[in-house]
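Please keep the sequence and the model open while reading the points below.

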Amino acid sequence: MNDLYVLYRGPLASCNYDCPYCPFAKRVDPPALLRADKADLLRFASWVAETTDRRLSILFTPWGEGLTRSWYRETIVRLSHLPHVARVAIQTNLAARVEWLSDADPQVAALWATYHPGQVNLERFLDRCRRLDTLKVRYSVGVVGLPAHYDAAVALRSALPPSVYLWINAADGHVYTAAEEQRWTALDPLFGDSVRPHPSLGLPCHAGETAISVLGDGTVRRCHFIPTPLGNLYDGSWQAALRPRPCTNSLCDCHIGYVHLKPLGLRDVYADGLLERIPVAFPAPAVPS
Ligand code: SF4
Ligand code: SF4
């Protein structure tokens with residue numbers, strides 16, 4: 001099948017949470033920006049609906065929180081029912097209620113959920129997870145691997161069903177000792193993929209061949225991390241630019257990028273769960289007692 005993985009990021013940058021490690025904490029978008037974000041998203045959704053010559057997998061990666069906005073919820077529901085859409089997922093803090101997902105196709109819609117200790121209590125977060133289980137919606141759950149988050153991550157891992165994958169993201173700028181790496185790996189068996197940036201210069205990457213990044217105005221780039229445009233989504237100019245190509249950055253240190261770095265082979269590790277970060281299989285986590 002003619003697969004294309006699409007990361008989409010519109011101008012929305014507001015968030016209801018106040019995470020101390022985030023530049024978008026409690027940011028408020030002016031009404032004009034919200035209107036533009038909605039218009040851009042609806043235009044993108046129309047493009048998805050019309051692009052039936054490819055099997056599309058889409059991940060919304062807003063700067064801020066999208067699921068507090070009706071247009072993200074409605075777009076996910078709509079796209080989940082299109083036969084050529086294999087996956088539509090979004091990164092979210094899971095603060096908003098999830099009942100709207102009962103209108104989506106649970107085989108297609110999925111969530112990449114991040115638990116932010118200090119912004120929400122564990123029980124409330126777990127309640128959202130249980131609702132997703134009831135709705136049979138696919139989701140991964142993760143935590144930023146800051147030392148201050150460790151106890152909360154252990155409590156989350158202990159409370160989640162073993163079948164739910166918990167990922168740990170290496171914290172920006174934090175260098176992990178061997179002992180720290182080991183204890184985070186006990187929670188997330190795949191933490192080793194996140195703990196250090198991947199040298200990527202000159203290595204082949206699916207980004208720009210079978211994966212693209214799209215901005216609200218339709219600018220297509222190979223990934224979120226290389227600014228050079230490949231063309232625009234809405235005039236079709238991006239299509240001729242797709243081809244195998246090496247990475248031009250020294251390092252790739254974000255999961256949504258390096259899953260496409262060919263030598264890592266992570267498309268085999270995640271397969272259909274690539275965008276929402278659910279591996280095909282993972283060893284049972286060893287939760288400390
Ligand atoms: S929930 Fe996400 S976007 Fe919002 S403040 Fe926290 S890290 Fe930033
Ligand atoms: S390795 Fe990372 S930075 Fe390089 S092209 Fe791929 S996704 Fe982009």
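The numbered points below concern a predicted model and take up its strands, a loop residue and the surroundings of a ligand.

1. Which strands pair with β4 in the parallel sense over five bridges? Strand β3 (residues 85-92) is one partner, joined to β4 by five parallel bridges. Within this pairing, Ile90 has Leu111 of β4 as its bridge partner. Strand β5 is another partner, and its pairing with β4 is likewise parallel and comprises five bridges. Here Thr114 is found opposite Gly142 of β5.

2. Helix α3, residues 122-135, forms a right-handed β-α-β unit together with β4 and β5.

3. Asn121 deserves a separate remark. This residue belongs to the loop between β4 and α3. Is Asn121 buried or exposed? Asn121 counts as exposed because it has 11 C-beta neighbours inside 10 Å, and a residue with 12 or fewer is classed in this way. From Asn121 to Tyr139 the separation is 18 residues in sequence, and the C-alpha atoms of the two are 19 Å apart in space.

4. Strand β5 (residues 138-144) also pairs with β6, in the parallel sense and over four bridges. Leu166 in β6 is the bridge partner of Val141. A right-handed β-α-β unit is made by β5, helix α4 (residues 150-159) and β6.

5. Strand β6 covers residues 166-169. Leu166 and Ile168 point one way from this strand, Trp167 and Asn169 point the other way, and all are buried.

6. The last point concerns ligand 1. Which residues lie around ligand 1? They are Cys15, Tyr17, Cys19, Cys22, Phe24, Ala25, Gly64, Glu65, Asn93 and His116. By class, the shell around ligand 1 divides into six nonpolar residues, three polar residues and one charged residue.

Key:
Residues numbered from 1 in each chain as written. Chains lettered and ligands numbered in written order. Predicted model: local features only at pLDDT ≥ 70, side-chain atom pairs only at ≥ 80, totals over all residues. Near = placed C-beta within 6 Å. Nonpolar A, V, L, I, M, F, W, Y, C, P; charged D, E, K, R; others polar. Buried ≥ 20, exposed ≤ 12 C-beta atoms within 10 Å, placed from the backbone. Helix = DSSP H or I, 4+ residues; strand = E, 2+ residues; numbered from the N terminus. Pairing = 2+ DSSP bridges. Right-handed = clockwise from strand over helix to strand, strands pointing away.
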